[in-house]
Amino acid sequence: MPTVRYELPDGSLHEIDVPCGRTVMDGSVRNNLSGIVAECGGSCSCATCHVYVDEGQFDEASDEERELLEYAEGARPESRLSCQLVITEGCDAVRVRVPDTNG
Amino acid sequence: MSPRVVVVGGGHAGTTLAALLRQGGHQGEIIMFGDEVDFPYHRPPLSKKFVDGDLEQWLRPAPFYAEQSIDLRLGERVSSVDRDARRVQASDPCAYDVLVLATGARPRDLSVPGADAGGVVRLRTLEDARALRKHLVAERRVVIIGGGYIGLEVAAAARVNGVDVTIVEREQRVLARVASHDLSAALTSYHRERGITILTNAVVRRLTSRDRQVQGVVLGDGTVLPCDVVVVGVGAAPRDELGAAAGLHCDQGIVVDGSARTSDPSVYAIGDVTRRPVPGVDEPMRLESIPSATEQARQACASILGAKLPDPEVPWFWSDQFDLKLKIAGVVVPGHHVVRRGDPRSGKFALYHHDNAGEVIAVETANAPAEFMAAKRLLRSRHAHSQV
């Protein structure tokens, strides 16, 4: 099972095994990590699961996700919505940083 | 010593608060009463996804509660609160140091003759949605009473599934109290073009049935709408009886301050049951939405843990109808000047509401997430400045 390393706003690090087919958001919600609020439950509606992630491990963002992120607080080129980051067999040493701006 | 927190209500607000308390390091007991038997679930999919398989979306997986030492007592109804003794009465008495009322809202009943017939359903709980799913199959005819957001969402989902849909709205337009004329008009066209009948200025006089199953809706002008199913979506009322009986200040909802506190400092209320202060709005109001529930959960959590209160959020909510993803930021008060960007007929547009001073106070968007996010940020920065 791929491991995701979450770096939270308080500086703490959490290594979580996330099953394939689940999302980076799921892994956080499942383990009650702070920072990823995920109000809409993963329907790409609310933009409260914003993370920074290095490119290359996940499918490209949809237009909708890109638009939501465009004006999100703290948006950067490496911003993604973690509900859209689906873990697959190919994922290796995924590292996400969670900003302090998800509401 | 860490206080014992008792949460009454297992919806989005209560569950979020319980999880946040643990995130914040709360060591004391957390006991959460829910009067439904299902584990806490996402409510928005109930009106949006009831025709496909995504109906049951749990807020947290079942083992979560025990792992987080949250004593979740499902199927248990709290019948009274004794504030002097600091105790609630469920199947057994349960003492609290801090009490959180998160009892939500209940759908308003349709008070016309015949409304107790079979096939007349309402939509609030997962159990309601399961029942509705059985009723709404292709070729059937449904009449939806009430052209609010829930009614429109159910209409769209049912129509996609091949159901014959009529919406009956007593006001002169759908969403009359919560949306601009422009948005009402755009959505009315969008639904009609996809085969939904929308009747406005239409009062329901009674329902007719055969063998105790509903078979028609009779309108004030005598029109009869034959149908197999009636969905009642005429709004929701706060479930504030526990708070009112316990002597908490209630006024169409439990009245709370900006830290989700009630008139008793040991008692908080969060979510749909509350009447709450809203940035930029003079009077406290009810905000029935997930973002409001989670914001109040953050407020109550901070207050209980003695942490800094979060900055006020801009009220917002979302609605999905057909392929339209609607997002609304700010509080829409019908009657304001509206500036339109994009063509409503294209299904991608934004409606900017201006007050008399020309300031943007709310924005309604469809399939325009960037405009929504920009507008929410604009409103947020203005609220922050106006508080200085």
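Q: Which residue of S19(B) stands opposite B:Leu99?
A: This is a predicted model, where local features need pLDDT of at least 70, side-chain atom pairs count only at pLDDT 80 or more, and totals for chains, interfaces and linings use all residues. Residues are numbered from 1 along each chain as its sequence is written, while chains are lettered from A and ligands numbered from 1 in the order in which they are written. Strands are DSSP runs of E, at least two residues, and helices are runs of H or I, at least four, numbered from the N terminus. In S19(B), the residue opposite B:Leu99 is B:Val267.

Q: How many bridges pair S7(B) with S19(B)?
A: Two strands pair if DSSP finds at least two bridges between them. S7 of chain B covers residues 98-101 and runs parallel to S19(B). The number of bridges is three.

Q: Which strands stand at the edges of the open sheet of five strands?
A: The order is S3-S2-S1-S7-S19 in chain B, with parallel pairing. Each edge strand has a single partner strand, so one side of it is left without a neighbour in the sheet. The edge strands of chain B are S3 (70-74) and S19 (267-269).

Q: Which residue in S22(B) is the bridge partner of B:Asp320?
A: S21 (316-321) and S22 (324-330) of chain B run antiparallel, joined by six bridges. They form a hairpin with two residues between them, and B:Phe322 in the turn has a positive phi of about 50°. B:Asp320 is bridged to B:Lys325.

Q: How many of the six residues of S21(B) are buried?
A: A residue is buried if 20 or more other C-beta atoms, placed from the backbone, lie within 10 Å of its own, exposed if 12 or fewer, and partly exposed in between. S21(B) is mostly covered. Its buried residues number five.

Q: Which helix gives the most to the side of chain B that touches chain A?
A: Two residues are in contact if their C-beta atoms, placed from the backbone, lie within 7 Å. The contact takes 20 residues from chain B and 17 residues from chain A. H1 (12-23), H8 (290-305) and H9 (369-386) of chain B each give two or more residues. With five residues, the top contributor is H9(B).
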